[in-house]
Amino acid sequence: MRKTAPLTKIAMVFLVSLWAMLLDSAAALALLTTALVTLFALSKTPAGTYKALGSLGIFAAALAAMQFALGAEAEFSAVVGMRMAMMTGLFILLMATTRIQDLTASLVRQLSIPYEYAFMVTASLRFIPDLLAEIKAVQEAQACRGYSNRGSIVRRMKNYLTIVQPLVLRSVARSETMAMSLELRGFGASRAGSYGTSIAFGARDYLALTALAAGTAAVVAMRFYR
């Protein structure tokens with residue numbers, strides 16, 4: 001996956017997510033989920049990625065259990081959980097195997113998205129891990145000051161404000177620092193950009209896109225013409 005062009009991986013995320021939305025068989029989605037886990041293993045993603053996958057699996061199981069508890073059929077509940085896990089897992093795989101600068105270059109040069117918008121999207125993605133780390137740090141700091149997430153829902157929501165307030169302040173400070181850094185480096189002064197990276201398609205990309213197109217046609221045919 002690391003040698004695959006970013007645009008191919010973006011196409012994979014959208015098309016396989018479409019497959020997950022169209023398929024309504026738990027067996028088919030289980031097969032897709034197995035293929036996704038295999039891709040993670042073959043891509044040799046960082047160890048933290050597997051921790052995120054574990055959390056995602058727990059959340060998907062909880063979502064399926066909630067659907068079942070609310071009266072949905074067992075297969076439908078499993079389909080809902082696996083759909084969510086599949087779509088989120090694809091996104092994690094994209095971010096774990098693609099450099100942010102490659103993703104930006106692909107959005108600008110191959111999809112003709114204005115640089116400012118492409119930068120805004122990729123910068124937001126870039127800060128997700130940092131934001132999660134800050135949430136954990138703030139929670140630990142507030143726990144030392146007596147923060148507790150126990151009690152009634154109202155009490156927990158009230159206590160959670162002690163997490164949200166410093167988190168918002170830190171995020172605003174980070175945004176201001178980033179804006180100043182971009183301005184000092186002349187962000188937006190020139191329309192021509194230099195990315196110093198190669199995002200050209202190779203043989204594996206054409207092969208992957210052909211397989212994705214064939215798979216999409218098969219899934220659409222199964223969904224609407226069976």
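## Largest pocket

The largest pocket of this predicted model has a volume of about 680 Å³. A pocket is an open set of points on a 1 Å grid over the protein atoms alone, where a 1.4 Å probe fits, with protein on both sides within 12 Å along at least five of seven lines; the volume is the space filled by probe spheres set on the points, which are joined across faces, edges and corners.

## Pocket lining

The lining comprises 19 residues, each with an atom within 4 Å of a point. Nearest the centre lie Ala52, Ile92, Ile128, Pro129 and Leu132. Helices α3, α4 and α6 (115-144) each supply at least two lining residues, and α6 gives the most, with seven. Helices are DSSP runs of H or I, at least four residues, numbered from the N terminus.

By class, twelve lining residues are nonpolar, four polar and three charged. Ala, Val, Leu, Ile, Met, Phe, Trp, Tyr, Cys and Pro count as nonpolar, Asp, Glu, Lys and Arg as charged, and the others, Gly among them, as polar.

## Packing of α3 and α4

The axes of α3 (residues 47-69) and α4 (residues 74-97) come within 8 Å and cross at roughly 160°, which makes the two helices roughly antiparallel (angle over 145 degrees). Axes are lines fitted to C-alpha atoms over the stretch in contact, and angles run from 0 to 180 degrees between N-to-C directions.

Residues in contact (heavy atoms within 4.5 Å) include Leu56 and Phe59 in α3, and Met84 and Ile92 in α4. The contact residues divide into 15 nonpolar, six polar and no charged.

## Basis

Residues are numbered from 1 along each chain as its sequence is written. Local features need pLDDT of at least 70, side-chain atom pairs count only at pLDDT 80 or more, totals for chains, interfaces and linings use all residues, and side-chain values use heavy atoms, with hydrogens and water left out.

Key:
Parallel < 35°, antiparallel > 145°, perpendicular 65-115°, else oblique.
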